[in-house]
Amino acid sequence: MRRTSRKKRSTLANRAIAASAALILGGGGLVAVNVYASAGEGPSGSPPTRTQNVGRQLSTIDCPEAVNGLPEVPDQARGEVDRELAAMDTQITDAYRQFADRKEQLARDPGLAENAVLGPLRGKRAASLDRIGIAIGRVAQRPEGLESLAGCSLRADDGQGQNEGQGQDPDDQDPGGQDPGQGEDPGQDPGDQDPGDQDPGDQDPGQGEDAGRGQGGNGPEAADFVDIRSVQPDADRPRQRRGASRGTFTTDCGRNENGKFNPDNVIVAPGVSNGAHHMHDYVGNQANDAFASDDDLADGATTCRNQGDRSTYYWPVLRLQNGQDENDVDADGGGRDQNVGEIQTPSQVTLKFVGSPAGRVTAMPRFLRIITGDAKAFTNGDANANASWSCTGFEDRQLTDKYPICPEGSQVVRTFAFQNCWDGQNTDSANHRTHVAFAQENGRCPNGFRAVPQLVQRIVYDVPPGPGFAVDSFPEQLHKPITDHGDFINVFDDRLMKKLVRCINDGRRCR
């Protein structure tokens, strides 16, 4: 089975591992048509290029990420622009549904894709982009070239473990014959099961569903899973430099035992119901929905043990693909958006803030918003992918583009290490990314940025062994593991934030 090279896994996963070492130590038809290459592979805003892909499996709809092609959006236009961007996500979701419902027709009549799916989608996107241009043009110079972001394509998932568009080198593969015993939990006998004899494709990811297509029929595939014991250890201990801030601060906000879910995203799509098209788990602030203002969050109840932490922490739910329905099977974000299966409550959630390997940290501003990872990484490419997957007892082995198959007695682990540098001015930005950054390889922040406490989330699930689970996603993202992501809004009160910073800078471990 093909996997991302060790070097690439390490590059993407070490963001999480460098900060989380303290945690570790404590079926569609085959058609012969022209298919576009991923729009996310080329320069931002450039139209997709046409290539011949005869006999490949058309899996999804691929559109340029419009927000990446926009100039800086003035604050006065931000609300209207955010609503149009959310509408464009809905347009893709609706088009994907039509595509999924018509796969057999598309196989017989490839021209139907252009006439019934891509053409109408392109027209709707062009109208939304025009409205975005008008909104920006009212208060600033109207951006040019937005029409180039309207084009979408049908994309073939090379699948079977290859994850098209993620920069993998087919010659850069890990050798076989690795020792499955490295990193095992005490008492496990690696000789009891040979990972070389275990093919995830031999296990049924969903009862009664299309083989290898997940319970919802749109993923994940068997090739999206890998036995964790066949992965070489690749996580390095973080290098601490003189003057590093070595302390930690852990906040206990529960595991979403009370079942707060919604398919909103108040950061990316404020004021838009079902802006995420997938369901989120929430811990911390209980006022979080699409319409929550900063004042609402400041006054909201919190599940955090320390009531001075009213921050909101959320991520896509994880579901079992076992043929069973959840009570949202007919709801937005659930079955209507092809997210089906039993939602799993984590067995453990650890929210830890850590310091900088190069110096002291400063306080985060209240209501700072941070998104880590990319919910559309399957079509966008992996530039912003930043979630790591592993298993308890094997957390020196981290995956970004595969789900792990954990041996009996080991649990699935998701890790998110958030950006740890802030521009010193803004609590958000138009693309929700440029106001924060990751530290450079030397541990220092980029010029103009200052180090802030880094949130590291570690979420553990007790799920049956095998390829039988998936995170929620936008429907066209096919539940790929690389689309995993986390969201955070800082609503610490000033007193508790000062305590957090002191603990980290003084090298203490505080809870």
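View 1. The model is predicted: local features need pLDDT of at least 70, side-chain atom pairs count only at pLDDT 80 or more, and totals for chains, interfaces and linings use all residues. Residues are numbered from 1 along each chain as its sequence is written, and side-chain values use heavy atoms, with hydrogens and water left out.

**View 2. Strand E15 (residues 412-417) has both faces covered.** Val412, Arg414 and Phe416 on one side, and Val413, Thr415 and Ala417 on the other, are all buried (under 20% relative accessible area, 1.4 Å probe, protein chains only). E13 pairs with E15 over 5 bridges, also antiparallel, and serine 390 has valine 413 as its bridge partner.

**View 3. An open sheet of 6 strands runs in the order E13-E15-E19-E11-E5-E22.** The pairing is mixed. Strands E13 (387-391) and E22 (509-510) are the edges, each pairing on one side only. Between E11 (residues 348-354) and E19 (residues 454-461) there are 7 antiparallel bridges; here threonine 350 stands opposite arginine 458.

**View 4. The largest nonpolar core has 53 residues.** Such a core is a set of buried Ala, Val, Leu, Ile, Met, Phe, Trp, Tyr and Cys residues joined through side-chain atoms within 4.5 Å. Tyr313, Phe353 and Phe469 have the most contacts inside this core.

Key. Two strands pair if DSSP finds at least two bridges between them. Helices (H or I, at least four residues) and strands (E, at least two) are DSSP runs, numbered from the N terminus. Buried means under 20% relative accessible area, exposed over 50%, partly exposed in between (1.4 Å probe, protein chains only).
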